[in-house]
Amino acid sequence: LAARYADEYNKSSADPDACRTAFRRLDEECRAIGRDPVTITRSAMVGLLIGRDDNDLRRRVAAEIEFVGADSDAEAWLDRRRSRWILGNPAEARERLAEFVAAGAQRVMLQDLLPHDHAMVELAAEELLGR
């Protein structure tokens, strides 16, 4: 369906390898129907949780766990998201963002689940936008 009708194809809650596989399949399907694959924008919606340092990140992890009502084991909660989220300090976040771009994402939508944490949004803007 995406090959035939879409202007943009978005992967949500997927790691870079899953994005790469899906984008490759989209290319194949486009070619099969005679559509130029570059006419479809590829995007990924990715969870975002970053901090300036480990303490800042731990504080945000605790806040997010409280906000979403998840279990209280922060490490287990993080482990379930590490492969598909952009999280960590700014350098780690830039590295993860680059992995999604290398997988073929032309646009990465940063899903912020802490909407009242304006400092994290500002940090993301400083450290990620345009990089």
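Contact here means heavy atoms within 4.5 Å. You're looking at a predicted model, in which local features need pLDDT of at least 70, side-chain atom pairs count only at pLDDT 80 or more, and totals for chains, interfaces and linings use all residues. Residues are numbered from 1 along each chain as its sequence is written, and side-chain values use heavy atoms, with hydrogens and water left out.

**Stop one: Ser43.** Select Ser43, and you land in strand E2, residues 41–50 (strands, E, at least two residues, and helices, H or I, at least four, are DSSP runs numbered from the N terminus). Leaving aside residues up to four places away in sequence, Ser43 touches Glu8, Tyr9, Asn10, Lys11, Phe23, Arg107 and Met109. Ser43 is buried, at a relative accessible area of 0% (buried is under 20%, exposed over 50%, partly exposed in between, with a 1.4 Å probe and protein chains only). Now show side chains: those of Ser43 and Glu8 make a polar contact at 2.7 Å (N or O atoms within 3.5 Å, one able to donate a hydrogen and the other to accept it; residues adjacent in sequence count only if both atoms are side-chain atoms).

**Stop two: H2 and H5.** Next, pick helix H2 (residues 16–33) and helix H5 (residues 90–102), which pack at about 15° with axes 8 Å apart. Pro16, Cys19 and Arg20 of H2 meet Arg96, Glu99, Phe100 and Ala102 of H5.

How values were computed
Axes are lines fitted to C-alpha atoms, for helices over the stretch in contact, and angles run from 0 to 180 degrees between N-to-C directions.
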